[in-house]
Amino acid sequence: MPSRYLLRRLAQVLPTVAGLLVLNFCIIHLAPGDPVIALGGEHGDAAYYTFLRNRFGLDRPLPEQLLTYVANVLRGDLGTSFVHGRSVTGVIAERLPATLLLVSTALVLSSVAGVGLGTLAARYRRRPADVALNTAALLGYATPSFWLGQVALLTLAVGTGLFPVQGMTDARNPQTGLANLMDLLHHLALPAIVLAVNELALTTRLVRTGLLEAFGADYVRAARAKGLPEALVIRHALWNVMLPVITVIGSRAGMLLSGAVLVEVVFAWPGLGRLLLSSLLSRDYPVLLGMFLVISVGVILANLITDLAYARLDPRIRYQ
Amino acid sequence: MLDSTPAFDISNQPALALGQRASEGRKGFFRILRSGTGRIGVLLTCGLLAVALLAGRIAPADPFASVGLPLRSPTLAHPMGTDDLGRDVLSGVVYGTRTSLALALIVSLLTGAIGIIVGSLAAWHGRRADDALMRITEFVQIVPRFFLAVIVVALFGPGLDRLVLLLGLTSWPWIARVVRAEVLSLKQREFVEAARSLGAGHFRVLLREVLPNALPPVVVVVSLSAASVILIETGLSFLGLGDPEVVSLGYLANNAQRFLRVAWWMAAFPGAAIALAVLGLNLLGDGLNDALNPRGGR
């Protein structure tokens, strides 16, 4: 991959992150009420408010405040949570792994199964298998993840007892080593599957449409004409179909994360979603704003990685 | 710069080419009824629109009024059961559908307007305007809408008005990109050149010749984005960030979460209504896409 492309693409990321910081700063200052109240609660006395104003530089002109804010963020200082009494960065870092585990599992599930099912549907176009898959994909794409979670919880977890109802591990029966891992996977299965359904439906449809389009292309006809087995023909076509699919999957990082938040609330999964909900209830604004920043940067990174993967996979891409 | 004063009346000549394409477009809208998915999409969307418009007649009760015993499973009197305060769930679903569709409609109008303006300006002026507008588009596209909405509602308080504004101001990039691509290709066509050579100003050519022909794909994207707006609103309401003054499907789902194990009907019916609304709009978009673009590979 040309390193110049990498540099160019990285250079595009910086203004976006800068824009996000300004946006975040504007939201803080446009919000009704004094930021001091947002920081220190409504029942502090005048001396405490003055202390906070000094501490956070709120008595300075706005541009200076913006610079202070940016400098703080760049140092990894997102403020202090007034519920947890600790740094926002620490609170978020504590919850991030659980969400990343959930999201990455769902992503792997939906991508692998989506390519498989999409290929199946394209291979048996207009036959019962294709019609069934298409219908399922349409339904799966339309179903809100939190509702799917509720239904799965009621039927599969509460109904059959095959899956645990909530949490990440069994708190009453703590395990270690391999048993702990199995316990974790057991708890992970249902939320990950529920979260994967939307993406799975989309990937299936994209792969199917892409393959059908490829089947009409000259190189596929040539491959078939010279008698290549169908499996090999599909493998050829899949390589070309995968590129746009990867782009779409990468561009949906934000959707996937918002889905994860809702699914976490349903299954009481101890990740960012639970933190978001509790911070909303306790009006812990520094944590909310910090989460918005972290998630936005995550989405930017996901897009960056997608673009780089795209450039690596497709030798035709040479951005000058 | 935009030139809004046409030098001559050119409404007759290029209208030939335009009239032809526009009638193709109109046929396309009827062609949607030929495909199964298109038919279901139209049927579902029209059905939900009817429910939304006739909510006052269909709903047996006021969605906020306590009309029965709490947490009763579905009966003839309350076909979708009652909630924890004895409110009729069917009435909630009917009025919630109205809220969701109204929100989707208003947001769509807003995003459509912004998307068309940004996309056509970028494509029409090219160069620096294009660069600048597309950078802005990319930025807005990358900001996670859902989380931005969470922050704004948390800090500014809940309300449908700010939700409409926020979703409207953040959902247009996709439409702008489609419009830009269409306008870029259309502005090279002969009928556009003909209109310009007859002395029509930029604004007139754009408004009368180019945009009407760019609209069909925009309609497709708008219907798909309306579906995603419904999903975002229900997601926010599910987190308890909805407008407390208005019944919405997400509000019902949020309320159901606490009673999930004792009252499945409180969760099942509102969720199914959300899925139907989103499915209807998605199928409508797909059907329109197939009808307007028959080479679409399906």
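Start by selecting A:Arg283, which comes after helix H12 of chain A and has a positive phi, near 55°. You are looking at a predicted model, where local features need pLDDT of at least 70 and side-chain atom pairs count only at pLDDT 80 or more, while totals for chains, interfaces and linings use all residues. Residues are numbered from 1 along each chain as its sequence is written, and chains are lettered from A in the order in which they are written.

Next, step back to H12(A) itself, residues 272–281; helices here are DSSP runs of H or I, at least four residues, numbered from the N terminus. Colour A:Leu272, A:Gly273, A:Leu275, A:Leu276 and A:Ser279, which are buried (20 or more other C-beta atoms within 10 Å of the residue's own, with C-beta atoms placed from the backbone). Now show their packing partners, helices H5 (88–123), H11 (253–267) and H13 (285–313) of chain A, together with H6 of chain B.

That takes you across to the other chain. Select the contacts (C-beta atoms, placed from the backbone, within 7 Å): 34 residues of chain B touch 38 of chain A. On the chain B side, H5, H6, H10, H11 and H12 each give two or more residues. By class, this side has 25 nonpolar, seven polar and two charged residues (Ala, Val, Leu, Ile, Met, Phe, Trp, Tyr, Cys and Pro are nonpolar, Asp, Glu, Lys and Arg charged, the others, Gly among them, polar).

Definitions and conventions. Contact = placed C-beta atoms within 7 Å. Buried ≥ 20, exposed ≤ 12 C-beta atoms within 10 Å, placed from the backbone.
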